[in-house]
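Hi,

Here is the structure we talked about, handed over for you to open in your viewer. My notes on what turned up in it follow below.

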Amino acid sequence: MFEQWHTATHLRRTVDWQDHVGDIVEIRSNDRVVRRGIVEEEMPDGSGLWLAADAADRREYFHKDLGYELWI
């Protein structure tokens, strides 16, 4: 599912980590994709977010101060 979405969509990096609940995103670090998923929950201050669990991965938190980038 994510591969089809990824190839059909032009992604862009955003520094705004708020208002993405329900969006399909990529989390990147050091120019590589760490994880693709659906944003389930966000920190109120925009410092991080949780990607929902899926068939392959558990629910996971990413904090932007740890060097992660958000691509939408």
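**What I found**

Phe 62 is buried, with 1% relative accessible area (buried means under 20%, exposed over 50%, partly exposed in between, with a 1.4 Å probe and protein chains only). Before going on, some ground rules: this is a predicted model, where local features need pLDDT of at least 70, side-chain atom pairs count only at pLDDT 80 or more, and totals for chains, interfaces and linings use all residues. Residues are numbered from 1 along each chain as its sequence is written, and side-chain values use heavy atoms, with hydrogens and water left out.

Now the rings. Searching the whole structure gives two aromatic pairs (Phe, Tyr or Trp rings, the six-membered one for Trp, with centres within 6.5 Å; planes under 30 degrees apart are stacked, over 60 edge-to-face, the rest tilted). Trp 50 and Tyr 61 make a tilted pair, 4.6 Å centre to centre with 50 degrees between the planes. That pair links distant parts of the chain, 11 residues apart: Trp 50 sits in strand β4 (residues 48-51) and Tyr 61 in strand β5 (residues 60-63). (Strands are DSSP runs of E, at least two residues, numbered from the N terminus.) Tyr 61 is partly exposed at 31%. Phe 62 pairs with Tyr 68 edge-to-face, at 5.0 Å between centres and 85 degrees between planes; Tyr 68 is partly exposed at 25%.

Met 43 is in the loop between β3 (32-42) and β4, and is partly exposed at 27%.

As for the fold, there is an open sheet of six strands in the order β1-β6-β2-β3-β4-β5, with antiparallel pairing (two strands pair if DSSP finds at least two bridges between them). The edge strands, β1 (13-14) and β5, each pair on one side only. β2 and β6 (residues 69-71) are joined by three bridges, antiparallel, and Ile 27 stands opposite Leu 70 of β6.

Cheers

Definitions and conventions:
Helices (H or I, at least four residues) and strands (E, at least two) are DSSP runs, numbered from the N terminus.
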